[in-house]
Amino acid sequence: IPGVPDPSVPPSGVSCSGCGAELQCAEGDAPGFLPAEKYRSLVSEGKAGLRGAVCQRCWALAHHGRALRLRLPPDEHRRVVSAALRRPPRHGRGPLLLYVLDVLELPDPVLPQVPALLGPGVPASGVLVVGNKVDLLPADAPGHLGRLRNRVAEACARAGLTGAELVDIRLVSAKTGFGMEGLVSRLQRSWKCAGDVYLLGATNSGKSTLFNTLLRSDYCKSRAPDIIDRATVSPWPGTTLNLLKFPIINPTCDRIFRREERLKEEATKTEDELSSEEKKYLNHLKKQGYLVGEVGRTFQRQKASAVVEFDPDMLSYSIDEEPKHSPKKREEREEFTHNEVKDARWCFDTPGIVKEDCVLNFLTEKEVKLVLPTVAIVPRTFILKPGTALFLAALGRIDYLQGEKSAWFSVVASNLLPVHVTTLSNADAIYEKHAGRELLKVPMGGEERMKEFPPLVPQDITLKGIGTTEAVADIKLSSAGWVAVTAHAEEELLLRAYTPKGTTLVVREPPLLPDISSIRGSRIAGTAAYRTKKPPSLVENLKTTGSR
């Protein structure tokens, strides 16, 4: 039961500490909703009651992975972001924009909107583009990060972000910490504490994860993580509904020196010198991604305090029951002093901009969790003859219609999505019989689910091979993943690719990982598939030893 609203109660004026929406109990399907009984019980506790509470939606996301339906159209997302950027500049300087780009989504469909957000009346001081989620992609060849950075630079140029507007491009993993210390150093070295910083990006780009990682880094004032709750992190679009913020630390010469000393000291450590807890956490991160880094803190408070987590007893209620008043005494939350914030520069998280024509918009929360990769992607390579079809779940299909020789098709997508290869003559029957069921997995829910799911629509593609070790192009099946095609030199292939109606299919030339087909084991006898191979993880900020 979502909870009972009370339209007679005015909004609180207090923001949800998970998503930033104003807490209210009047409208059940609007941002910031708390059931009326829960809302009243928190209000009755006085000033500290609502402060630190999370709305029903954030609690459902954090504890059940559920997203309650909200009325928040794409135009509303853009309006909130645009209005924030048009505020008069504080401290005599416009804000720096940190644009978070999911490298898996290149060419980023939202990036071309950024110059419009920077239009007349916006006093921004430039854009620093952060290519996120690099930990999910295997290194297909030496120098693959340099090549990825070049691809991001090309996407920026196509979007009209060049020259003085583009401050820098950094590649990171907000989740595993790779590249994050470098990003903090870059911000402190060039931007210092000159003005506010706004995080922008599409939904699911990892923007809120980046905000949370910066909150626990040297970029944030040392006391702030004890006071500010972390943003809700979820794969469901639009979780950051209003502007969350933390105060940026002033990088004085002394602080920069102490920070550099810490980084130098950490760089001399080997994995063997880490504590058992540090090793355990590092091994956990290695399972998550190919590229791993540690985000440390130079400036700690004396009082050890963990990052605030959602407390289900304090802040929420059972989804299946009416909320009950908890007799447990609420601890007084710390507040910033006037001196701490009077001249503060802030780092703001903004609502994610919804990607239009994206397959995720047609999926349920459960399906989105299967489609969005959260751990290192293991490529799956198949050798196909003309007259063969390849399905990526029921979200995409590629038919090899014509060609003289076999070609290699490498699938780069969530490891949870099934790949099925069949003959062209059987392909339609396979889709009819298995879409919505276990063999093709997503969407899930059988015939009833498929009745409301858009049909697959075709697009013919002609490619010319450049050699058996280098892919010629990626066929990107909206946000479901992509298939890199490798063919003999000068070999012409006629393919037909399908994605759901209303979604975008992109032929990416050159491909993101041209040598991807080399990341494979031996051929599995009697099938079109090769055994998969997962390359080792790389850890930055640690001295290399032969033991890894």
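**Cavities**

The model is predicted, so local features need pLDDT of at least 70, side-chain atom pairs count only at pLDDT 80 or more, and totals for chains, interfaces and linings use all residues. Residues are numbered from 1 along each chain as its sequence is written, and side-chain values use heavy atoms, with hydrogens and water left out.

My cavity search ran on a 1 Å grid over the protein atoms alone; a cavity is a set of points where a 1.4 Å probe fits but cannot get out, and lining residues have an atom within 4 Å of a point. I joined grid points across faces, edges and corners, and took a volume as the space filled by probe spheres set on the points. Two cavities of 30 Å³ or more turned up. The largest cavity is lined by 16 residues, and L104, E105, P373, S479 and G481 are the closest to its centre. I sorted this lining into nine nonpolar, three polar and four charged residues. Here Ala, Val, Leu, Ile, Met, Phe, Trp, Tyr, Cys and Pro count as nonpolar, Asp, Glu, Lys and Arg as charged, and the others, Gly among them, as polar.

**Sheet**

I traced an open sheet of five strands, ordered β8-β11-β15-β14-β17, with antiparallel pairing. Strands are DSSP runs of E with at least two residues, helices runs of H or I with at least four, numbered from the N terminus. Two strands pair if DSSP finds at least two bridges between them. At the edges I found β8 (380-384) and β17 (505-508), each pairing on one side only.

I then checked β14 (residues 471-477) against β15 (residues 482-486): they pair in the antiparallel sense over five bridges. A471 stands opposite T486 in β15.

**Two helix residues**

I placed L282 in helix α11 (residues 276-288). L282 counts as buried because its relative accessibility is 9%; buried means under 20% relative accessible area, exposed over 50%, partly exposed in between, with a 1.4 Å probe and protein chains only. Leaving aside neighbours within four places in sequence, I listed E271, L274, V292, V539 and L542 in contact with L282, where contact means heavy atoms within 4.5 Å. L282 and E271 lie 11 residues apart in sequence and 8.9 Å apart in space, C-alpha to C-alpha.

Next came Q188, in helix α7 (residues 180-191). Q188 is buried at a relative accessible area of 5%. Outside four places in sequence, I found Q188 in contact with D218, Y219, I249, P251, I256 and R259.

Technical notes: On a 1 Å grid over the protein atoms alone, a cavity is a set of points where a 1.4 Å probe fits but cannot get out, and a pocket is an open set with protein on both sides within 12 Å along at least five of seven lines; lining residues have an atom within 4 Å of a point.
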